[in-house]
Amino acid sequence: MTKLPDFAFDNSYHRELSGAYAQWQGDKVPAPQMLRLNVALAEELGLDADDLAGEAGALVFSGVRAPTGAAPLAMAYAGHQFGGFSPQLGDGRAILVGEVLDRFGRRRDIHLKGSGRTPFSRGGDGKAALAPVLREYLIGEAMYGLGIPTTRALAAVTTGEKIHRDTGAKDGAVLARVASSHLRVGSFQFFAARGDAEMLRKLADYAIARHDPDLVGTEGRYLAFLKSVTARQAELVAQWVNVGFVHGVMNTDNMTISGETIDYGPCAFIDSYSPKACFSSIDQQGRYAFGNQPNIAAWNLARLAECLLGFIDADDDKAIALATEVINSFPALYQAAWLKGARKKLGLTLEEEGDLALANGFLMTLQGQNVDYTQAFRALAGAVRGDSAPLRALYDDPAQELDTWLAAYLKRSANESTTPEARADAMDAANPLYIPRNHMVEEALKAAEEGDMVPFDTLLKLLQTPFMAQPNAEAYTHPAPESFGPYKTFCGT
Ligand code: AMP
Ligand code: MG
């Protein structure tokens with residue numbers, strides 16, 4: 001039998017939260033094969049990438065075999081999906097293999113998606129198809145490259161099994177991913193819905209120890225924890241919006257306690273700027289549209305607050321008042337985080353009164369102009385260097401509005417103590433050249449389904465250093481051609 005490497009697991013969730021999971025194994029599959037291993041991440045986890053690149057990795061990351069010390073389990077959670085509450089969702093096609101301490105001493109979950117049915121599967125088959133697995137791999141790595149907190153792909157393994165989707169028979173695959181934890185707002189909702197205060201408190205203390213260790217044992221820790229999750233989410237969603245990312249399915253079960261982006265399903269990056277941008281075929285109302293993400297984050301955090309009320313204060317009214325204050329702080333926290341990011345994008349280091357209006361003013365010039373959002377910010381750096389023609393060329397009609405805005409912007413920029421060249425360089429380090437453009441992602445996934453991984457690898461490599469121009473990659477900086485049509489994402493998972 002193939003010898004499996006030693007992961008040095010330390011499974012705190014399994015040890016401390018019995019009642020919050022079902023012990024479970026991955027399915028046997030016909031022919032597990034390593035398709036892609038994230039060598040850099042494996043090394044960061046202190047794993048031997050050479051050991052894992054072949055059969056051993058395929059066996060472990062498909063879930064077929066559990067290495068020594070693993071305590072595989074399916075996590076229980078609930079969730080509001082598109083506003084409707086499901087008291088029991090849980091890992092329906094995923095297992096937590098175990099936790100490791102990485103080279104920096106950080107606790108990381110190793111988790112498999114697509115490893116077979118579990119007690120939480122409801123009607124699903126427990127499986128994942130190759131394209132969505134690679135999509136999560138690619139977009140997660142792109143987010144990481146952009147410096148946005150995210151779960152990351154450790155490996156993609158094919159299973160040798162055909163699985164059935166609306167669109168036909170697909171090759172099966174499993175994604176191994178790493179997260180600083182898989183605790184979600186929905187994890188709390190699971191016990192709150194059952195009225196299980198004891199487990200709820202245990203879970204909250206566990207989450208605090210894991211993500212807010214400074215709060216352990218302190219009085220008022222549950223309120224402080226709520227504040228801390230709120231701050232992390234404000235920061236996260238601000239980063240999404242600054243880069244033009246639409247998560248697409250911000251259900252409470254897809255919102256982490258850690259502040260990492262999780263579950264890349266129907267997500268997409270905007271091309272032309274529009275707060276209404278919404279790509280998911282199932283999001284008919286635009287609940288999770290680009291510009292609605294901060295509102296939804298606050299709504300989800302209010303659901304977390306509801307779970308914690310009983311621990312915030314013995315007096316219900318007081319607990320509600322305190323929690324409400326935290327939730328109401330979200331818009332200001334979000335705006336501050338967004339503005340911090342926007343200043344970077346604009347090459348501004350000083351904090352001046354009119355910066356928020358200035359930043360919003362640029363977005364106003366983009367609206368209705370069919371300007372690619374990502375290209376516009378790169379071209380703006382060109383304007384700082386003294387050539388605004390490429391920026392103007394992006395607009396359908398570079399009306400006076402742009403000139404007026406540019407004049408105000410260049411005047412404001414002149415207050416900075418840095419040279420225009422240095423500012424423009426800083427802007428290039430904050431505004432990506434390469435994002436996972438929808439048409440490029442689709443092309444890479446289609447090729448992968450046909451057995452050609454070259455487009456995937458090429459795109460992945462660009463996305464890993466998204467701010468740096470690479471030779472022969474000009475085509476990757478352009479928005480989709482008209483012929484690509486309006487983009488729709490499907491859960492298809
Ligand atoms: P998601 O939309 O991927 O975040 O998943 C929402 C819920 O549906 C989670 O409880 C998943 O485990 C479950 N789920 C999604 N796809 C499947 C599947 N193919 N089989 C079983 N459960 C699934
Ligand atoms: Mg999910």
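Tutor: Happy to. In H18, the buried residues are Pro455, Phe456, Leu459, Leu460, Leu462 and Leu463. Buried means under 20% relative accessible area, exposed means over 50%, and partly exposed is in between, with a 1.4 Å probe and protein chains only. Helices (H or I, at least four residues) and strands (E, at least two) are DSSP runs, numbered from the N terminus.

Student: Why do the buried residues line one face of the helix H18?

Tutor: Seen down the axis of H18, they fall within an arc of 165°, so they line one face. The arc is that of the directions from the helix axis to the C-beta atoms.

Student: And what is exposed on the other side of H18?

Tutor: Val454 and Lys461 are exposed there.

Student: What do the buried residues of H18 pack against?

Tutor: They pack against strand S2 (33-37), helix H5 (130-145) and H17. Contact here means heavy atoms within 4.5 Å.

Student: Before we go on, what should I know about the model and the numbering?

Tutor: This is a predicted model, where local features need pLDDT of at least 70, side-chain atom pairs count only at pLDDT 80 or more, and totals for chains, interfaces and linings use all residues. Residues are numbered from 1 along each chain as its sequence is written, chains are lettered from A and ligands numbered from 1 in the order in which they are written, and side-chain values use heavy atoms, with hydrogens and water left out.

Student: Thanks. Which residues of helix H16 are buried?

Tutor: In H16 (residues 420-428), they are Arg423, Ala424, Met427 and Asp428. They sit on the same side of H16 because they cover an arc of only 140° around the axis. Their cover includes helix H11 (330-346), helix H13 (373-384) and helix H15 (400-413).

Student: What about arginine 437, is it buried or exposed?

Tutor: Arginine 437 counts as buried because its relative accessibility is 4%. You'll find arginine 437 in the loop between H16 and helix H17 (438-449). Leaving aside neighbours within four places in sequence, arginine 437 is in contact with Asp372, Thr374, Gln375, Tyr476, Thr477, His478 and Pro479.

Student: Switching topic: which residues are closest to ligand 1?

Tutor: Gly90, Gly92, Arg122, Gly126 and Asn254 are the closest, out of 17 residues that surround ligand 1. A residue is near a molecule if one of its heavy atoms lies within 4 Å of it. By class, that shell has two nonpolar, seven polar and eight charged residues. Ala, Val, Leu, Ile, Met, Phe, Trp, Tyr, Cys and Pro count as nonpolar, Asp, Glu, Lys and Arg as charged, and the others, Gly among them, as polar.

Student: What lies 3.2 Å from a nitrogen atom of ligand 1?

Tutor: That is a polar side-chain atom of arginine 93. A nitrogen atom of ligand 1 is also 2.8 Å from a polar backbone atom of glycine 126. An oxygen atom of the ligand is 3.0 Å from an N or O atom in the side chain of asparagine 254.

Student: How much of the accessible area of ligand 1 does the protein cover?

Tutor: The protein covers 83% of the 490 Å² that ligand 1 has on its own. Those areas come from the Shrake-Rupley method with a 1.4 Å probe.

Student: Last one: where is leucine 154?

Tutor: Leucine 154 lies in strand S9 (residues 152-165) and is buried, at 0% relative accessibility. The C-alpha atoms of leucine 154 and arginine 36 are separated by 8.4 Å, although these residues are 118 residues apart along the chain. Not counting residues up to four places away in sequence, leucine 154 touches a list of residues including Arg36, Leu37, Phe61, Ile110 and Val178.

Note on methods:
A polar contact is a pair of N or O atoms within 3.5 Å; within protein, one must be able to donate a hydrogen and the other to accept it, and residues adjacent in sequence count only if both atoms are side-chain atoms.
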